[in-house]
Amino acid sequence: MHRLYLDHNATTPPSAAVVDRMSAVLSQEFGNPSSVHYFGQRAKAVIDQARSEVAALLGADPSEIVFTGGGTEGDNIAIRGVAEALEPTGRKHLVASSIEHEAVLNTLKAFARRGWRTTLVPVDQSGIVAPDALRTAMAEDTALVSIMHANNEIGTIQPIAELATIAREGRAVFHTDAVQSAGKVPIDVKALGVDLLSISAHKFYGPKGVGALWTRRGLRLQPALTGGKQERGRRAGTENVAGIVGMGVAAREAMARMTTEGVRIGALRDRLETSILAHVAGTALNGAREPRVPNTTNISFDRTEAESLLIALDLEGIAVSTGSACSSGTLEPSHVLKAMGLPVHRTQNSIRFSLGAANTDEDIDRVVAMLPAIVEKLRSLTRTPVARRL
Amino acid sequence: MSGGVDSSVAAALLSGQGHEVIGLSMQLYDQSGQQSFGSCCTLDDLHDARRVASVLGFPHYILNFERQFAETVIANFVTEYASGRTPIPCAHCNSDLKFSTLLARAQGLGADYVATGHYARVEQAPGGRWLLRRSQDGEKDQSYFLFSLTQDQLARAVFPVGSLTKPAVRAEARRIGLTVADKADSQEICFVPDGDYATFVASRAPSVRAGAVVDTQGQRLATHSGVHRFTVGQRKGLGVSASAPLYVLKIDADSGDVTVGPRTALDRSSLTVSGMNWISREAPGDWASASAQIRHRHQPATGRVRAIDGARAEFEFDAPQSAVTPGQAAVFYDGDIVIGGGWIE
């Protein structure tokens with residue numbers, strides 16, 4: 001079966017150049033970057049190269065890039081690092097949007113258990129945080145505001161520059177999780193006006209297990225891990241050299257392709273979305289059409305269990321996703337769609353399609369050709385109760 | 001696929017016969033933070049099921065049935081105990097979840113049948129009627145828990161291990177190299193792994209009736225904290241001391257009275273059932289000879305059965321039976337063929 005991958009917000013396949021370069025580094029640059037000798041210097045050099053490439057993707061200075069173990073780790077280092085650094089000042093209030101990734105939401109919950117106050121900024125059906133809503137959420141002792149750049153489930157882009165200004169006016173540190181926007185849309189940390197920004201390599205054709213956290217120079221950050229002095233003391237532990245190099249290659253490729261790929265994938269996404277909404281009865285788009293990352297669409301299928309639709313599509317060779325999966329891999333109602341105020345049934349009947357580099361016009365045709373019949377079958381059968389006696 | 005050896009081998013057998021197999025597991029309660037909640041369908045069990053599917057080379061999915069399980073099986077379990085009856089959640093799970101919601105989902109995915117690891121056999125009689133028969137392994141037979149399956153449900157049910165014995169199933173699992181070959185059997189009631197039904201029910205039915213333990217003359221012998229702590233036929237934990245052993249004879253959930261008496265007072269010569277499901281035949285208007293099994297581990301007793309109306313039936317034992325327990329099932333057999341069954345009133 002020819003399998004079609006439409007779940008690029010979950011992860012992307014590493015590009016050929018990434019795999020080649022990582023393979024070469026794994027076999028040839030085995031040195032420990034902290035070592036003084038030749039081997040250490042070579043490893044250090046390839047990391048520095050990658051640091052420049054990742055910095056370029058973010059419009060940042062290489063010295064401000066900390067390599068991490070991925071998006072979740074970046075979010076944790078940022079929030080915990082700032083909160084713990086500010087704890088002695090008596091600022092014990094954290095703010096995030098209600099549509100953040102679990103990496104942010106559950107970190108806030110951890111601080112709530114330690115006696116911090118936390119506020120989640122609501123969103124409306126557009127899935128976009130209104131600046132006024134953040135103003136309302138701010139308090140005298142707000143230490144940090146964390147609002148994602150692009151949402152992973154619906155793709156909407158938040159007005160980060162405006163939100164960061166509000167945080168700054170309240171003397172709070174601003175962090176943004178840019179895991180879903182990095183490599184898809186241009187990012188300039190200075191234009192955004194944020195203090196911290198985390199990204200993850202495997203969302204833009206790099207390897208899993210590596211990410212980066214950009215921190216504004218001079219920002220006080222308590223290290224999350226205690227250990228050696230790697231990454232300027234902000235992330236102790238011997239560097240994942242091959243992973244970091246792979247991330248650098250992926251960042252460079254993303255920069256080079258962003259404009260053309262954004263247009264191409266955006267057109268595919270729009271055609272997929274328009275066709276589904278036109279040809280499958282009882283469908284509706286979740287969240288605002290714009291501003292949005294170009295590869296993502298999230299659609300409700302009335303009278304359909306998202307769980308069944310996802311499985312039925314997988315059995316036909318089409319890989320899609322719903323919002324979030326729980327520990328066993330079953331589906332839970334999406335907290336993002338819930339936060340947007342959608343009725344319960346729409347939080348359980350929505351499917352996310354997230355496109356990527358390998359997708360073509362033919363792929364879209366195939367989904368559009370297949371989907372109406374699959375949805376109809378599910379609707380007719382899952383709603384027929386089997387005769388039963390108690 | 002529960003992750004146990006029976007459903008794993010059932011899947012392996014079908015896969016080996018060339019059928020297109022889709023593995024489905026049901027997540028029945030919240031797994032977050034639960035390391036050892038149940039004896040069945042825990043996170044580890046679901047992972048076992050996934051590994052089996054991966055080894056056998058077919059897709060596997062976990063369906064989230066937490067809400068449905070709570071609304072059908074657990075709600076009924078709590079209500080029954082709080083009403084002074086002794087429920088069988090497995091039977092409800094089979095007819096109201098596995099061969100209802102799960103079957104409908106499977107059909108939506110294009111499946112023609114739902115196979116499980118139950119020890120029972122389904123056959124089609126010459127007239128087209130679907131028959132439910134005891135399994136090859138009499139010790140493991142689970143037909144008692146499947147009595148409430150309708151003809152429509154039986155027509156879609158496949159029990160691949162029903163014609164095998166448990167040792168043969170384990171041997172087959174070892175032959176294929178399944179890691180679950182020597183996994184322990186699951187307990188009867190998966191959502192109360194410690195067996196403490198009373199605490200489980202009390203936490204979900206806080207208004208459950210406390211009352212008195214009384215003798216057959218209505219004389220008060222002791223007080224108790226809830227009718228859900230008792231089952232007809234129970235001897236231990238009555239909180240009464242007497243010269244001869246006392247047994248629970250009757251539970252009145254409205255007054256809270258639990259009547260106790262000597263073992264001989266437990267004998268019944270007949271019973272009636274509601275929710276009667278006829279399988280091997282239409283409802284007999286006249287008496288038909290049969291044997292009745294009145295709980296899971298009960299040697300069927302001979303007698304005769306007849307329909308009272310569309311939903312009820314009565315059974316007369318040739319010799320009186322002890323502890324006919326309301327809420328349990330009475331399943332009527334003709335040899336190893338299930339005639340039908342219902343819930344003891």
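**Helix packing and domains**

Analyst: Let's start with helix H2 (residues 38-58) of chain A and H8(A): their axes come within 8 Å and cross at roughly 35°. Axes here are lines fitted to C-alpha atoms, for helices over the stretch in contact, with angles running from 0 to 180 degrees between N-to-C directions. Helices (H or I, at least four residues) and strands (E, at least two) are DSSP runs, numbered from the N terminus.

User: Before we go on, what should I know about the model and the numbering?

Analyst: This is a predicted model, where local features need pLDDT of at least 70, side-chain atom pairs count only at pLDDT 80 or more, and totals for chains, interfaces and linings use all residues. Residues are numbered from 1 along each chain as its sequence is written, while chains are lettered from A and ligands numbered from 1 in the order in which they are written.

User: Which residues make the contact?

Analyst: From H2(A), they are Ala43(A), Val46(A), Ile47(A), Gln49(A), Ala50(A), Glu53(A), Val54(A), Ala56(A) and Leu57(A). H8(A) brings Val241(A), Ile244(A), Val245(A), Met247(A), Gly248(A), Ala251(A), Arg252(A), Ala254(A) and Met255(A). Contact is when two residues have C-beta atoms, placed from the backbone, within 7 Å.

User: And by class?

Analyst: The contact of H2(A) with H8(A) has 14 nonpolar, 2 polar and 2 charged residues. Ala, Val, Leu, Ile, Met, Phe, Trp, Tyr, Cys and Pro count as nonpolar, Asp, Glu, Lys and Arg as charged, and the others, Gly among them, as polar.

User: How do H3(A) and H4(A) cross?

Analyst: Helix H3 (residues 71-86) of chain A and helix H4 (residues 102-113) of chain A have axes that come within 9 Å and cross at roughly 35°. The crossing of H3(A) and H4(A) is right-handed. On the H3(A) side you have Gly71(A), Thr72(A), Asp75(A), Asn76(A), Ile79(A), Arg80(A) and Ala83(A), and they meet Ala103(A), Val104(A), Thr107(A) and Phe111(A) in H4(A). That contact has 5 nonpolar, 4 polar and 2 charged residues.

User: Is H3(A) mostly covered or open?

Analyst: Mostly covered, as 12 of its 16 residues are buried. Among them are Glu73(A), Ile77(A), Ala78(A) and Val82(A). Buried takes 20 or more other C-beta atoms within 10 Å of a residue's own, exposed 12 or fewer, and partly exposed is in between, with C-beta atoms placed from the backbone.

User: What about the span of H3(A)?

Analyst: At 1.5 Å a residue, the 16 residues of H3(A) should span 22 Å, and its end C-alpha atoms are 23 Å apart, which agrees. The expected span is 1.5 Å times one less than the number of residues.

User: Switching to domains. How is chain A divided?

Analyst: Into domain 1 (4-10 + 257-382) and domain 2 (16-253); such bounds come from an automatic or database domain assignment. The C-alpha centres of domain 1 of chain A and domain 2 of chain A lie 28 Å apart, and 24 residues of domain 1 of chain A are in contact with 25 residues of domain 2 of chain A.

User: What gives the most to the domain 1 side in chain A?

Analyst: H8(A), with 3 residues on the side that touches domain 2 of chain A. The residues of that side divide into 10 nonpolar, 11 polar and 3 charged.

User: Which residue other than glycine has phi near 55°?

Analyst: Arg232(A) has that positive phi, and Arg232(A) is partly exposed, with 13 other C-beta atoms within 10 Å. Arg303(A) also has a positive phi, about 55°, although it is not a glycine. Arg303(A) is in the loop between E10 and helix H9 (306-315) of chain A.

User: Last one: is Gly356(A) buried or exposed?

Analyst: Buried, with 21 other C-beta atoms within 10 Å. Leaving aside neighbours within four places in sequence, Gly356(A) is in contact with His8(A), Thr12(A) and Asn295(A).

Methods. A crossing is left-handed if the near helix is turned anticlockwise from the far one by less than a right angle, and right-handed if clockwise.
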